[in-house]
Amino acid sequence: MVQPNSAKQSVNLKLAYHYLMTHFFTLCLIPFIAFTLLQFSVIKYQDFQILYLHLRHNLVSVLVSCAVLVFGLTAYFMTRPRSVYLVDYACYRPPDNLRVESSKFMNHSRLIGDFDDSSLEFQRKILERSGLGEETYLPEAMHQVPPQPSMAAAREEAEQVMFGALDNLFGATGVTAKDIGVLVVNCSLFNPTPSLSAMIVNRYKLRGNIKSFNLGGMGCSAGLIAIDLAKDMLQLHRNTYALVVSTENITQNWYFGNKKSMLIPNCLFRVGAAAVLLSNRSSDKRRSKYKILHVVRTHKGSDDTAFRCVYQEQDDRGKIGVTLSKDLMAIAGKALKTNITTLGPLVLPVSEQLLFLVTLVGRKLGNRNIKAYIPDFKLAFQHFCIHAGGRAVIEELEKNLRLEPVHVEASRMTLHRFGNTSSSSIWYELAYIEAKGRMRKGHRVWQIGFGSGFKCNSAVWEALRNVKPDPNNPWLDCIHRYPLHYSTH
């Protein structure tokens with residue numbers, strides 16, 4: 001048994017190690033600075049006169065050096081990546097009449113008549129273990145008996161959630177539609193003609209030369225792909241705004257069959273959308289909430305098993321749905337491992353990178369007794385927004401990343417209150433953190449998304465100020481009830 005004093009000493013040693021590694025270069029500079037100051041203290045006035053005469057007689061060299069310096073600085077400032085700021089964002093909160101309790105969900109499923117007893121019992125068990133609460137939302141068409149999943153109803157759902165989020169965003173920021181230079185919309189399963197991006201252009205009368213993109217079929221991680229695309233576009237186009245809208249459409253994608261692997265999405269996915277306003281204007285820094293630091297994307301589509309683990313298809317009765325493979329969690333784990341291998345060197349302190357490198361080299365040299373070191377990402381981030389794809393996803397990342405319950409609280413509570421809102425879930429989670437008053441200037445946020453293909457994407461943001469919740473924050477009416485404390489088993 002480890003003695004308390006020994007454990008305390010171990011913690012103190014680890015803290016001392018991290019402090020030493022973090023400030024290593026600063027500590028090394030102290031003797032150099034002291035030596036430089038000592039040398040300056042013995043310089044006499046005559047020495048400056050000699051230096052002046054030397055430069056005076058080498059005027060051409062001085063001018064050439066100055067010209068090279070000016071050219072180099074100009075080239076640097078012209079070609080360096082532009083900072084991209086998150087001015088604000090808005091999450092759609094559906095009206096109360098669209099709420100669906102578990103009992104209503106099950107009663108509705110029975111009345112539809114498409115599910116046999118085995119499928120109904122399976123859905124009941126999934127709901128019990130899902131982590132969803134009693135206040136999530138389904139679209140209007142799915143509240144009717146029988147459901148009315150028409151194209152018109154799907155368009156109505158898309159307009160309701162997208163325009164609802166955008167109205168709040170435009171109202172909060174004061175940005176006019178004509179200021180938007182880039183528009184990126186992502187929705188995986190609903191891609192009508194004209195596109196969803198065209199619907200937004202038409203509704204808000206966006207300008208004719210706008211750079212618009214519509215991303216489809218890219219799963220729940222597409223929100224971060226959209227952010228990455230918008231960020232890249234803001235590197236090309238100066239002094240403008242980029243608008244990102246992330247959503248998923250349920251109306252036309254409800255599964256009415258009895259294949260159990262295709263019934264799970266029915267139990268997890270719910271109505272939601274988020275609209276994000278990005279800017280590359282330096283004048284917007286003061287009023288912006290966050291600055292984007294990194295986006296890291298991982299695609300495992302070259303592997304057949306990963307490619308098919310989230311797969312839209314027809315069952316043997318011709319009913320269309322999305323199949324979730326039993327290998328999904330294992331594939332997600334491998335994708336996450338690849339993703340953080342790239343992300344780690346960008347965000348982790350030197351102390352963690354050295355520990356990881358030493359254990360990796362030791363294992364590569366054949367010493368398999370050395371346990372693989374899992375970096376402590378809590379040293380790099382204060383907040384984690386893990387895609388609320390399901391209870392198992394959140395628990396698996398909490399375990400593998402060695403996080404504390406508070407670090408996954410936003411994800412768990414978002415799943416409970418709003419369900420799996422697909423690519424927009426990470427923004428409901430960020431809104432939860434803000435509503436709790438936890439976001440402080442300099443804090444870093446790690447958003448993690450998983451999606452079909454199979455993909456794992458990460459985005460890292462830095463808070464530019466102490467962020468207070470907006471009046472339209474979707475949590476304000478219920479934040480006093482959260483966090484809920486319930487068993488994770």
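In the predicted model, Asp 228 and Lys 231 lie three residues apart in helix H10 (residues 222-236), which means that about one helical turn separates them. The two residues form a salt bridge, with 3.8 Å between the closest N and O atoms. This distance falls inside the cut-off, because a salt bridge requires a side-chain nitrogen of Lys or Arg within 4 Å of a carboxyl oxygen of Asp or Glu. Asp 228 is buried, at a relative accessibility of 10%. Lys 231 also forms a salt bridge with Asp 232, where the closest N and O atoms are 3.5 Å apart. Asp 232 is partly exposed, its relative accessibility being 39%.

Another salt bridge links Asp 376 to Lys 378, with the closest N and O atoms at 3.1 Å. Asp 376 has a relative accessible area of 12% and is therefore buried, the limit for that class being under 20%. Lys 378, at 25% relative accessibility, counts as partly exposed. Arg 93, Asp 96, Arg 99, Glu 135, Asp 477 and Arg 481 are joined in a network of salt bridges. The count of salt bridges comes to 21.

Thr 136 belongs to strand S3 (residues 136-137). The relative accessible area of Thr 136 is 1%, so the residue is classed as buried. Apart from neighbours within four places in sequence, Thr 136 is in contact with Leu 98, Arg 99, Val 100, Arg 270, Leu 415, His 416, Arg 417, Phe 418 and Gly 419. Among these contacts is Arg 99, a member of the salt-bridge network described above. Ser 102 is 34 residues from Thr 136 along the chain, and a distance of 9.4 Å separates their C-alpha atoms.

Strand S4 (residues 180-186) is mostly covered, with seven of its seven residues buried. S4 pairs with strand S6 (residues 241-247) in the parallel sense, over six bridges. Within this pairing, Val 182 has Ala 242 of S6 as its bridge partner. S4 is also joined to strand S5 (residues 211-215) by five bridges, and these two strands run parallel. Here the bridge partner of Asn 186 is Leu 215 of S5.

Helix H13 (residues 328-347) contains 20 residues, and its end C-alpha atoms are 27 Å apart. At 1.5 Å a residue the helix should span 28 Å, so the two values agree. The expected span uses one less than the number of residues. The buried residues of H13 are Leu 328, Ile 331, Ala 332, Ala 335, Leu 336, Asn 339, Ile 340, Leu 343, Gly 344 and Val 347.

For the chain as a whole, the secondary structure comes to 17 helices and 13 strands. Of the 489 residues, 47% are buried. Among contacts with a separation of 6 or more, 81% are between residues 24 or more positions apart. The accessible surface of the chain is about 24,900 Å², and carbon and sulfur atoms account for 59% of that area.

Conventions: Residues are numbered from 1 along each chain as its sequence is written. This is a predicted model: local features need pLDDT of at least 70, side-chain atom pairs count only at pLDDT 80 or more; totals for chains, interfaces and linings use all residues. Side-chain values use heavy atoms; hydrogens and water are left out. Helices (H or I, at least four residues) and strands (E, at least two) are DSSP runs, numbered from the N terminus. Buried means under 20% relative accessible area, exposed over 50%, partly exposed in between (1.4 Å probe, protein chains only). Contact means heavy atoms within 4.5 Å. Accessible areas come from the Shrake-Rupley method with a 1.4 Å probe; for residues, only the protein chains shown count as cover. Two strands pair if DSSP finds at least two bridges between them.
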